[in-house]
Each structure stands twice: as C-alpha cells, then as structure tokens.
Amino acid sequence: MAGRGWRTLGRDYLHRSPWFTFRLDRVELPDGRVIEYGIMESGGFASVVPLTGEGEVVLVRQWRQPLGGFTLELPSGAVDAGEEPRAAAGRELFEETGYRAEGLKHLISVHTSTGRSTEVCHLFACRAVRDGRGPRPEPTEFIEVVRVPLREALGMVFSGGITDAASVLGLLWVAGRLGPG
C-alpha cells in the first residue's frame, strides 16, 4: 500500500488569475477513502541573487499581502507562458531594481511547497550592473531597492530578518559557493 499513489477521480477549477489557478481534486487514497484536496497551480517563478562589484546583494523591500507586512527579498517574478526561466530572471532584476544581469548562472530549481502547489522556483545568480533605463516595476509593485553587503544579508537570514524561502535558499547557496570569508 505504501508504494501506491493517489488516484484522481475528478478535478474542479475554482479560481484562475494571472498569478495562479486554484483547483480542488477529488482523490482516492491507497486505503480506498475518498477526499478533496486543494492545489495551487503556478507557472513558477525565477529569483536571482544579484551581487554588485562591491560585494553587495541587491534586494527589494515590498509589501506582501498574505503576510500583512513588508519583506526583504531577492528580485523575483513569474515565468510567463513560453518564457525561459533565465529570461524571466534577467527581466525581473531589471524591472524591479534597474540592474542588468551579467553572467547569469542557474543555481537550482526547487518545488516551493510540494504538499500545496505545483510551483517551481528557478534560482539564478549574477553580477548586477546598474542600468539607467530602469527600474520599470509593474503597476502593482511598489518596491524599494536595498543594497546590503552579502555578509549582512546572511546575518539577516540567520536572525529571521529575511524569511522568504527562495531568498534564504539563494543567499545560502551563493554563500556556500563563495566559501568562508
């Protein structure tokens, strides 16, 4: 029984928006019970760790409605239909911060919440170069750009000042690649 998956009996789509779709699946469990299971479908997003030549990471401070407060995060955004995650990472960095990505490198792609969502986060790192033509935030984005030394950003991760999962993973990944010091 442990190796048998759930069997989908039906699927109802309850909400569709540009950001996500919410569906309710009716499934049969391995023991024969039938339950309803809610799932958020998402095209995923790209997040980038932009490091300046001065060793600072470029972060964004923005309001997050689900949390009812501001967060400090890596620049991130949706991967549009048909768009490559690498292109989305570069686009989001420029739109949100006015920095251009040089040497954009894919770090890892991870599922953000395997029990609730199909969402995948594609993490990248790059050298951030200021571009005077930006930023160009979307109409719903009210963003403050914050440059912080990488070591200070890591301190915020360990003190709970940065709690966004993609930002925590990206910062720790880059710090691990750079090594001690």
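This report walks through a predicted model of one protein chain, from its overall layout down to a few single residues.

## Ground rules

The model is predicted, so local features need pLDDT of at least 70 and side-chain atom pairs count only at pLDDT 80 or more, while totals for chains, interfaces and linings use all residues. Residues are numbered from 1 along each chain as its sequence is written, and side-chain values use heavy atoms, with hydrogens and water left out.

## The whole chain

Let's start with the big picture. The chain has 3 helices and 10 strands; here helices (H or I, at least four residues) and strands (E, at least two) are DSSP runs, numbered from the N terminus. Reading from the N terminus, the order is β-β-β-β-β-β-β-α-β-β-β-α-α. The C-alpha trace spans about 60 × 40 × 30 Å along its principal axes.

Of the 181 residues in the chain, 41% are buried. Buried means under 20% relative accessible area, exposed means over 50%, and partly exposed is in between (1.4 Å probe, protein chains only). A contact means heavy atoms within 4.5 Å. Among contacts with a separation of 6 or more, 56% join residues 24 or more positions apart.

## The annotated domain

UniProt, in an unreviewed entry, places the feature "domain: Nudix hydrolase" at residues 41-170. UniProt positions are given in the numbering used here, feature names are shortened, and annotations may be inferred rather than shown by experiment. Over residues 41-170 the chain is 22% helix and 42% strand, and the end C-alpha atoms are 23 Å apart.

Which residues of helix H2 (residues 150-159) are buried? They are Leu 150, Ala 153, Leu 154, Met 156 and Val 157. Looking down the axis of H2, these buried residues fall within an arc of 155°, so they line one face of the helix. That arc is taken from the directions from the helix axis to the C-beta atoms. On the other side of H2, Arg 151, Phe 158 and Ser 159 are exposed.

What do the buried residues of H2 pack against? Their partners are the strands S4 (45-51), S5 (56-64), S6 (69-73) and S10 (144-149), plus helix H3 (165-178). Just after H2 comes Gly 160, which takes a positive phi of about 90°.

## The largest pocket

Rolling a probe the size of a water molecule over the atoms shows where empty space is left. On a 1 Å grid over the protein atoms alone, a cavity is a set of points where a 1.4 Å probe fits but cannot get out, and a pocket is an open set with protein on both sides within 12 Å along at least five of seven lines; lining residues have an atom within 4 Å of a point. Grid points are joined across faces, edges and corners, and a volume is the space filled by probe spheres set on the points.

The largest pocket has a volume of about 1400 Å³. Of the 44 residues that line the largest pocket, the closest to its centre are Trp 19, Phe 45, Arg 64, Gly 77 and Glu 119. Strand S3 (34-41), S5, S6, strand S7 (76-78), helix H1 (85-97), strand S8 (99-111) and H3 each supply at least two lining residues. The lining divides into 17 nonpolar, 16 polar and 11 charged residues.

Now zoom in. Thr 21 is found in strand S2 (residues 21-28) and is buried, with a relative accessible area of 11%. Leaving out residues up to four places away in sequence, Thr 21 touches Tyr 13, His 15, Arg 16, Ile 39, Met 40 and Glu 41. Asp 25 is also found in S2, and counts as buried at 4% relative accessibility.

Glu 36 and Asp 25 are 11 residues apart in sequence and 5.5 Å apart in space, C-alpha to C-alpha. In the loop between S2 and S3 lies Asp 31, which is partly exposed at 42%. The C-alpha atoms of Asp 31 and Arg 136 are separated by 52 Å.

Definitions and conventions: Nonpolar A, V, L, I, M, F, W, Y, C, P; charged D, E, K, R; others polar.
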